[in-house]
Amino acid sequence: MAKRDAPEINAGSMADIAFLLLVFFLVTTTMDSDLGMMRKLPPTLPPDMPKPPPIKDRNVFVVLANSNDQLLVEGELMDITELKEAAKEFIENPMNKETLPEKKQVDVPLFGPTMVSKQVISLQNDNGTSYKLYIQVQNELARAYNELREDLAMEEFGVSYETLLENKEKKKIKAIRKVYPQRISEAEPKNVGGN
Amino acid sequence: MSKFKKDDGKGDPAISTASLPDIVFMLLFFFMVTTVMREVDLKVKVNTPEASEIKKFKNKSLVTYIYIGEPTDKKLGTSSRIQLGDAYADVAEVGAYIETKRGEHDEAEVPLLVTALKVDLGTKMGIVTEVKQELRKVTALKISYSTREGGVVN
């Protein structure tokens, strides 16, 4: 009997089919980044709550942003690029200046008694402030805290703060956060600049 | 001039396209793996700002998105609008929207829910603050400002 070869299937259109699928996925794909700055909003206070005690002026770092996207930091016009350094100096108060925040001795686990500054950063923006500037300010303030924490982690544990976060060394992270607690308070916005 | 004589008869051999499907399939698999189906049709233009101190969501199913930006439909003007789900919405509807989203989750998960604000960088803070106040009213206190990973301002 004559043996016949099975006819070869033409695979030329395979590429077309694959291209079709490829185009479909190209169109529907979104390189969606799920990145963001996590923040916690303050809970609404019941109206009969007693007012919190006032905070001393020297302990508050006032950042104001107006509708022209200008920054007023502690009463002085400031560029966004200088904000981080100013915030760092305020939080740390390395020279124990009279105008910068007071310090209180706190017993921090792993570190023992440490002087912790009573800093609070107050952020207030106008209704006309752009969201871009707001995010930049938030980012710079977060950077100020993170850099201080980074320095402390290097000094005390010899590893970077980020490594601690990655390895989930909760005790060490907690201790660092206790020395540099992130206290950013947002005041209710004002509507001065119109719109 | 025999040196420059062309090969007579035979043309260039055809390039084999047999491996073309393989190449295309490779690309195809890459896109299939990285693809995330768009969850909603964006009706507002959102170009998120850049920031460096950012975190990735641990669990994407716990995130509710609120979009704020200029409407893509030019007829609606250029003032910023809020988009909840697939439709434009008013600030007052934010609370109800969060409540319905909560209903879709298990009760134990409710405190873990995060509201992600995807806001265009040109938006004025007024509308963003109003949304934040609404979120406070329904005690959806965990929020995230969606940003792109990017440079710092120096």
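## A tour of chains A and B

Begin by selecting chain B, where buried residues make up 25% of the 154 residues, a residue being buried if 20 or more other C-beta atoms, placed from the backbone, lie within 10 Å of its own, exposed if 12 or fewer, and partly exposed in between. This is a predicted model, in which local features need pLDDT of at least 70 and side-chain atom pairs count only at pLDDT 80 or more, while totals for chains, interfaces and linings use all residues. Residues are numbered from 1 along each chain as its sequence is written, and chains are lettered from A and ligands numbered from 1 in the order in which they are written.

Colour chain B by secondary structure: there are three helices and nine strands, taken as DSSP runs numbered from the N terminus (helices H or I, at least four residues; strands E, at least two). From the N terminus on, these elements follow the order α-β-β-β-β-β-β-α-β-α-β-β. Among contacts in chain B between residues at least 6 apart in sequence, 77% join residues at least 24 apart, where two residues are in contact if their C-beta atoms, placed from the backbone, lie within 7 Å.

Next, show both chains and select the interface, in which 51 residues of chain B are in contact with 44 residues of chain A. On the side of chain B that touches chain A, helix H1 (20-34) gives the most, with nine residues. The residues of that side divide into 25 nonpolar, 13 polar and 13 charged; here Ala, Val, Leu, Ile, Met, Phe, Trp, Tyr, Cys and Pro count as nonpolar, Asp, Glu, Lys and Arg as charged, and the others, Gly among them, as polar.

The contact is made by A:Arg149, A:Leu152, A:Ala153 and A:Phe157 of H3(A) and A:Lys172, A:Ile176 and A:Val179 of H5(A).

Now turn to the largest nonpolar core, which has 48 residues, such a core being a set of buried Ala, Val, Leu, Ile, Met, Phe, Trp, Tyr and Cys residues joined through C-beta atoms within 7 Å. H3(A) gives the most to this core, with ten residues. Centre on B:Leu117, one of the residues with the most contacts inside the core; among the residues that B:Leu117 touches are B:Ile66, B:Val131 and B:Tyr145.

Finish at B:Ser144 in strand S8 of chain B, which counts as buried, with 21 C-beta neighbours inside 10 Å. Not counting residues up to four places away in sequence, B:Ser144 touches A:Gly36, A:Met37, A:Met38, B:Val114 and B:Ala116.
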